[in-house]
Amino acid sequence: MKYLKMVDKECFNSRITDSNVQKREKWFGYLVGPSGALLLNAVLASYLNVYYTDVLKLTHIWGGAFLALFPVISKIIDAVTNVIIGQVIEHTRTKQGKARPWLLLSAPLMAITGILLFTVPKSSETVQVIWVMLSYNLFYSIAYTIYNMSHILMVPLSTRNITQRGELSVFNNIAAITVSGIIVALIFPMLILPSLGVDPKKWISVMAIISILAFPLTLIEYYFTKERITEEFAEANQNEVNIKSQLKAVFTDRYWVVIILYYFIYTIGVNLKNISLVYYCNYVLGSYNDGITQTMISVIGGIPMGIGIFVVWPLAKKFGKRNITMIGFVLYAIGGIICLINPRSMVVVLIGQFVKNMGGLPSAYVFMALFADVLDHIEWKAGFRVDGLSAAVNTIIVTICYGLSNGLFNILLARSGYIAPVLVDGKTIAASQNPATQNSIIFSFIGLEVVTAFILIILLAFLSVEKVIDKEQAEIKARLGKIE
């Protein structure tokens with residue numbers, strides 16, 4: 001491909017040259033750089049469905065079937081592209097690595113397709129439906145899939161040093177938590193949403209700014225990351241491995257199966273919670289776009305996340321990443337149960353959310369480090385790496401879970417009689433929702449994650465890869481002639 005030959009030019013070289021992880025690599029490659037794409041994705045995860053239901057008023061198209069089925073169908077398409085792009089990454093050979101070149105390509109694609117998501121023309125219902133389906137798949141099935149699969153592999157491919165890899169995982173998650181916990185969950189509901197209302201022009205302007213911002217920041221992520229493990233394999237002249245061998249390697253390994261199941265269960269619960277957050281604050285706990293309810297929920301969620309920056313990794317090093325994550329999910333479940341005692345009481349919900357978010361800290365900060373350990377284990381066991389395939393499966397999970405969560409939530413809204421707000425004389429007027437709709441929203445925001453927490457505790461009991469990873473990494477280095 002001409003594109004892959006082009007990225008071998010010196011102007012596209014990484015600004016990171018050291019064999020050890022550097023400070024600027026942490027700050028720019030794993031904190032500042034990813035924040036643009038993560039911000040765009042977080043805003044879409046929380047508010048794109050609001051745009052569809054409240055601004056475009058698509059809830060009742062085809063008797064409610066459109067918003068229920070189209071996300072699921074789109075995610076099937078996305079799943080296929082994930083497999084294709086995963087194998088493309090796995091077979092990419094450039095001086096810049098195998099994943100980083102695709103980060104570079106994703107930068108302009110995300111900016112363009114992010115804008116297209118909101119520039120739905122004022123036309124017939126059929127035209128709007130077609131535009132929504134095309135723009136949605138251009139963003140999620142192509143642009144963001146390319147970015148996300150490349151981004152996921154940055155930590156596992158960065159270094160074999162477990163401590164440095166853990167630090168990069170923390171920085172990576174600080175980026176995700178900062179944009180979702182401060183900008184999306186605090187600034188957006190308090191300052192931006194009330195001014196947007198259901199005015200499509202205002203939505204387009206704001207989303208265009210966020211989409212364009214992702215472009216330069218993704219370039220920063222590209223230039224300040226380095227694939228040290230890919231370079232090791234290039235020096236060792238490792239042969240390419242066919243997909244059949246890769247599939248056999250991963251599906252016969254219990255650690256890989258457990259961490260994939262873990263990610264699936266965790267993601268579906270989180271996605272349903274994120275999609276329903278705005279509706280929960282608007283119609284159950286507070287009033288429509290009151291500018292304070294969602295902010296209060298987010299502040300309570302943000303305090304533990306801020307604490308986690310300083311405490312999670314030291315605790316994970318002392319007690320183990322798996323163990324601290326299991327303990328966290330016990331608190332996660334307790335916090336959810338507290339919220340369910342009285343889901344319409346601000347005091348009760350805030351207490352429950354604080355406990356729940358304290359429990360969610362380990363999972364948020366150390367997952368990528370655990371994932372990287374499992375990939376190294378596969379390499380030790382099979383003699384080859386399965387980065388592209390694993391990233392594909394990871395993003396397929398995100399894809400399927402988002403589609404399922406979105407479809408399920410929209411079915412619950414449509415079947416329970418959800419009433420979308422209307423624009424009257426330039427003002428947004430929102431109706432009160434009936435008890436059935438409110439209960440559907442409560443289950444989506446709180447109930448499901450209580451169940452998933454208990455399932456995750458059981459799954460993590462079988463993820464004991466940390467007990468063997470040091471020995472296995474030493475053997476891998478010996479094979480590659482990297483004995484230190």
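Q: Are Asp376 and Arg165 buried or exposed?
A: In this predicted model, Asp376 is buried and Arg165 is buried too.

Q: What makes Asp376 and Arg165 a salt bridge?
A: Their closest N and O atoms are 2.8 Å apart. The cut-off is 4 Å between a side-chain nitrogen of Lys or Arg and a carboxyl oxygen of Asp or Glu, so a pair that meets it is called a salt bridge. Asp376 belongs to helix α14 (residues 346-382) and Arg165 to helix α7 (residues 162-196), so this pair ties together parts that are 211 residues apart in sequence.

Q: Why is the pair Lys273 and Glu449 called a salt bridge?
A: The closest N and O atoms of Lys273 and Glu449 are 3.9 Å apart, and the definition asks for within 4 Å. Lys273 sits in helix α11 (residues 254-285) and Glu449 in helix α16 (residues 435-460), so the pair links parts that are 176 residues apart in sequence.

Q: Why does Lys273 count as buried?
A: Its relative accessibility is 16%, and buried means under 20%. Lys273 therefore counts as buried.

Q: How do you know that Glu449 is buried?
A: Glu449 has a relative accessible area of 2%. The limit is under 20%, so Glu449 is buried.

Q: Which residues are linked in a network of salt bridges?
A: Among them are Arg165, Asp376, Glu379 and Arg385. The structure holds 17 salt bridges.

Key. Residues are numbered from 1 along each chain as its sequence is written. This is a predicted model: local features need pLDDT of at least 70, side-chain atom pairs count only at pLDDT 80 or more; totals for chains, interfaces and linings use all residues. Side-chain values use heavy atoms; hydrogens and water are left out. Helices (H or I, at least four residues) and strands (E, at least two) are DSSP runs, numbered from the N terminus. Buried means under 20% relative accessible area, exposed over 50%, partly exposed in between (1.4 Å probe, protein chains only).
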